[in-house]
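Here are a few exercises to work through with the model open beside you. Try each task before you read its solution.

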Amino acid sequence: MIKIEKTTKNVLVVSFGFLLLFTAFGGLQSIQSSLNSDQGLGLASLSVIYAALILSSMFLPPLMIKYLGCKWTIVISMCCYVSFSIGNFYPSWYTLIPTAIILGTGGAPLWSAKCTYLTICGYRYAKKHNKIGENIVNHYFGIFFLIFQSSAVWGNLLSSLIFQYTSGKANITDDILAYCGPNNCPQDDLKITRNVTSAQHAMSTIHTLSGIYTGVGVGGVILVALFLDQLDQDEVKHFKGKDINIWSVLVATFTQLKDKRQCLLIVMTMYSGFEQGFLAGDYTKAYVTCTIGIQYVGYVMICFGASNSIFSAIFGRISRFTGRMLLFAFATITNLSSIIALFLWHPQLEQMAVFFVFPCLWGMADAVWQTQTNAIYGVLFLENKEAAFANYRLWESVGFVTAFAYANFLCITVKLIILVIVLILGMALYGVVEYIEYVQSRNGEPYTISQILRGVYLRAQKPEQVEEELKEDTETTDVKSIDENDTKSSETKL
């Protein structure tokens, strides 16, 4: 019988819990802009989700994590996501908007608690097996995103199969194709909707889809509630037993912005929301639904999910050899190439394979944005990881809500230009962060270009400090020592 390491077991439980939860939410998100296109309801609900998530990110994550612990923060937040599936049984402004607010409120604590939990697991394992904590954290995030990103496969497969056998054939003419791709603008949506996404979906179909998604989401909640270990229970008891200034905890997300590195990472973090928002809200609608029909949206997004899942595992493992800078450069080149191609491509019915190529490339780049951005937050802001990951969700959500908010007003060409600007600016500022780390870590010995790209300077400067972090962050019975012991010496995401 194969014995699984306790920390590895917990990583797998979190990963499969998120897999089930986001099989439901991801499947619904992919089809919102096409299925609920009347008066922009679908995109409006997505905008509300991320607007609520922004507000949630400002205050809730540090307080919930410290008061409830990572496990129960995850469980409660997952229940918020399930509410959105229930709201889709009867999609309207009175059901989707309130449940979107509930989902967004739980979103920030969910992701912050997950990132904190994986970071704790990584440093515990590193201490026990005498490994470098940063590498293990990268590896665990790779495992998580390998499993989690496959949710796009299963969620979109469900919707595609259901729509394929219940929807009428889309009436796509040359006149309609003229409004697809880079030529697509919001003012043309009514012409397209009447022919391509007209409501040929019986309520029984909507009920079937929502029922399946709700059941899958509830399964994820039960899995985490029953099988995930509460690793930070001592820290929670310590927090409850102290006379804590609640206000300081609530504003910890904003206090984190005093770190200039955090401020410099904002634009790159926002780009993660911009690029995911474009694929889910604009590519699926302006390129896929407009040209070949809503029944293919799920299959196209399956390619994104499969590519994202596979490359998340690959990049999480090879990052120890390549360093994150090379991976970020690779993702930048991949995204820029795809954006330029989308500028030039005018989709046609006979170009079926091309519709699937772009999501594959997008998924490959997004695997870098997800694994490496999460990892850099966990490594750079180890002491204030709850507030750091709350900032990550905050600024990624700003990108999401901005992308969804202007989706009903701007043409595709303008949206692609915005993506290019945000990407280039974000990577330039990220380069400044790496330069700051390099300068602060210099010990008189020049580094080679290869060492700089692989981030060797992050470990070479202060080996005793890294060792101390490992000791503090990986105690098997006392998670609270991560913060307490560091404070005694000196105050120094994913």
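Patches are made of residues with over 30% relative accessible area and no salt bridge, with like charges joined within 9 Å and nonpolar side chains (Val, Leu, Ile, Met, Phe, Trp, Tyr) within 5 Å. A salt bridge here is a side-chain nitrogen of Lys or Arg within 4 Å of a carboxyl oxygen of Asp or Glu. Accessible areas come from the Shrake-Rupley method with a 1.4 Å probe, and for residues only the protein chains shown count as cover.

Some ground rules: this is a predicted model, where local features need pLDDT of at least 70, side-chain atom pairs count only at pLDDT 80 or more, and totals for chains, interfaces and linings use all residues. Residues are numbered from 1 along each chain as its sequence is written, and side-chain values use heavy atoms, leaving out hydrogens and water.

**Exercise 1.** Find the residues that make a nonpolar surface patch of about 390 Å².

*Solution.* Step one: pick out Val218, Ile222, Leu226 and Phe227, which make the patch. Step three: check its cover. Leucine 226 has 60% relative accessibility, so it counts as exposed (exposed is over 50%, buried under 20%, partly exposed in between, with a 1.4 Å probe and protein chains only).

**Exercise 2.** Work out whether leucine 228 is buried or exposed, and what it touches.

*Solution.* Start with its place: the loop between α8 (203-227) and α9 (233-241). Next, its relative accessible area is 2%, so leucine 228 is buried. Then list the contacts (heavy atoms within 4.5 Å): not counting residues up to four places away in sequence, leucine 228 touches Asn10, Val13, Val14, Lys71, Ile74, Tyr117 and Leu223. Finally, its C-alpha atom is separated by 9.8 Å from that of valine 75, 153 residues apart along the chain.

**Exercise 3.** Describe the aromatic pair of phenylalanine 22 and phenylalanine 148.

*Solution.* First, the cut-offs: rings of Phe, Tyr and Trp (its six-membered ring) pair if their centres lie within 6.5 Å, and planes under 30 degrees apart are stacked, over 60 edge-to-face, the rest tilted. The whole structure holds 33 such pairs. This one is edge-to-face, at 5.1 Å centre to centre and 80 degrees between the planes. Phenylalanine 22 lies in helix α1 (residues 6-35) and phenylalanine 148 in helix α4 (residues 133-148), so the pair ties together parts 126 residues apart in sequence. Both phenylalanine 22 and phenylalanine 148 are buried.

Methods
Helices (H or I, at least four residues) and strands (E, at least two) are DSSP runs, numbered from the N terminus.
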